[in-house]
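Dear colleague,

I am passing on the structure below, together with some notes on what came out of going through it. Please read them with the coordinates open beside you.

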Amino acid sequence: MIKFCVKLVQRWLPEPFIFAILLTFVAAVATIFVCAQSPLEVVEHWGGGVWNLLSFAMQMALVLVCGSALASAPVVKKGIDALARIPKSPSAAIAMVTVVSALACWLNWGFGLIIGVVFAKAIARQLAGIDYRLLIASAYSGFVVWHAGVSGSIPLTMATEGEIGKVTGGAMNLTVPVSQTIFDVHNLVMVLLVIVAITVANTLIHPKKGAVTVDSSLLSKESEYSEPSEKTERTPAQRLEHSPILSWMIALLLAVFVVVKLGFRGGSLDLGTVIMIFLSLGLMLHGTPMAYVRAFGKATTGAAGIILQFPLYAGIMGIITGVGANGVSMGNVIADFCVNISNPVTYPLITFFFAALLNMFVPSGGGHWAIQAPIMLPAAATLGVDAGLTGTAIAWGDAWTNLIQPFWALPALAIAKLSARDIMGYCLVDLLITGIIICGGLVVWAL
């Protein structure tokens, strides 16, 4: 089964950019036939949506780059290397990478996505005989719990006053606290079971023979940037470039803002705040502005896939949400279908599968909220289904198919220097296992 999944993905899964192109035309053709929209309408929806995620794309690129720059700080590298020396066998290494990545992603998806792969590479440098593809797949598999964690965009949005009323056009004016979503006992149990399941599965998947290893010299650390010798006479400009005082000043400014926003203003942890935390920590830990500039520059190469593909996925969002002259959109058609075949027990399950399918076309938590919330939340109220459960089902569906949607794997793959087909076969196995757990958990919660 495992070998079949790996071979299937390696043979048929194209590179993520090709995948995005194909999905664009699948969404376009489906909308023309299902929603009776004209080709010109679909093209207009696509073109109108292409640039709608520019700010989000910039945020995602900064999450990757700032996270990578932070992970390359000398003190962080020493900590990662110390942890990497703990596992003494391939199975133990796979298990440790999976758990560390999953817990980090639950706390904050951006940091977890990056630190998991950096940790995996550190292990690969020190431990012989480990399958490198499975190691990176294990680091990425922990991402499946992100939307059920404390940085999940949908539960955080539902907990923000006025957001549900805004998206439902005033039909529902309520706020759902995180105690009914992220920290609900049903959700916490699902997270725990999923982490245990992928840890066991990834460990058992590791081949006893024929592991695809990587030459550790190819993973060697990049040379550290060294400050100029004190004996070298510096110009005034160079003294500014290598002054730790400037780094600490701007880092402390960012840190004070974050503390005031979260502690004194009662704000929530959002993408912008996460980026600021990464930026301030990176500046402090690298010591000088010039050292951070160098680390930041090296990290930017990993953001190429995000910059290239986000416009295509924004265009797909435009096609899915675009309303034709007949007042119908593809997102509405699919959501209405889900509502019509549901009852109070099956509705969260249907919502979950719809979100999982939609994630293949719109890999964005914010996109899911914009498409599903206006229809699924009022319908849930009609059926008597708890709003927190409905929102959590959407969040789990969005996160679940990330295991086989190569879009969010781009940062991890860029750091690991692998392609999507190298890891997706293993992730497909995790998809099947976690799907059973999530579906069972949603049904129990509904009952």
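Predicted model: local features only at pLDDT ≥ 70, side-chain atom pairs only at ≥ 80, totals over all residues.

Ile18 belongs to helix H2, which covers residues 16-34, and together with Ile21, Leu22 and Phe25 it makes up a nonpolar surface patch whose accessible area comes to about 370 Å².

As for the chain in general, it has 22 helices and zero strands, and 53% of its 447 residues count as buried. The accessible surface amounts to about 19,300 Å², with 70% of that belonging to carbon and sulfur atoms. Among contacts in the chain with a separation of 6 or more, 80% are accounted for by residues 24 or more positions apart.

Val145, when its neighbours within four places in sequence are left aside, is in contact with Ala102, Trp106, Val191, Val194, Ile195 and Trp396.

Apart from residues up to four places away in sequence, Gly116 touches Val97, Ser101 and Ala139; its C-alpha atom is separated by 4.5 Å from that of Ser101, which is 15 residues apart from it along the chain. Asn402, by contrast, is placed in the loop between helix H20 (387-400) and helix H21 (410-416), yet Asn402 also counts as buried, because its relative accessibility is 1%. The C-alpha atoms of Asn402 and Val144 are separated by 6.8 Å, although these residues are 258 residues apart along the chain.

Finally, a check on helix geometry: helix H18 (residues 347-359) has 13 residues and should span 18 Å at 1.5 Å a residue, and since its end C-alpha atoms are 18 Å apart, the two values agree. The buried residues of H18 include Tyr347, Pro348, Thr351, Phe352 and Phe354, and also Ala355, Ala356, Leu358 and Asn359.

Technical notes: Residues numbered from 1 in each chain as written. Heavy atoms only, no water. Contact = heavy atoms within 4.5 Å. Helix = DSSP H or I, 4+ residues; strand = E, 2+ residues; numbered from the N terminus. Buried < 20%, exposed > 50% of the residue type's maximum accessible area, 1.4 Å probe, protein only. Patch = residues over 30% accessible without salt bridge, like charges linked within 9 Å, V, L, I, M, F, W, Y side chains within 5 Å. Areas by Shrake-Rupley, 256 points an atom, 1.4 Å probe, with all protein chains shown as cover. Salt bridge = Lys/Arg side-chain N within 4 Å of Asp/Glu carboxyl O. Expected span 1.5 Å × (residues − 1).
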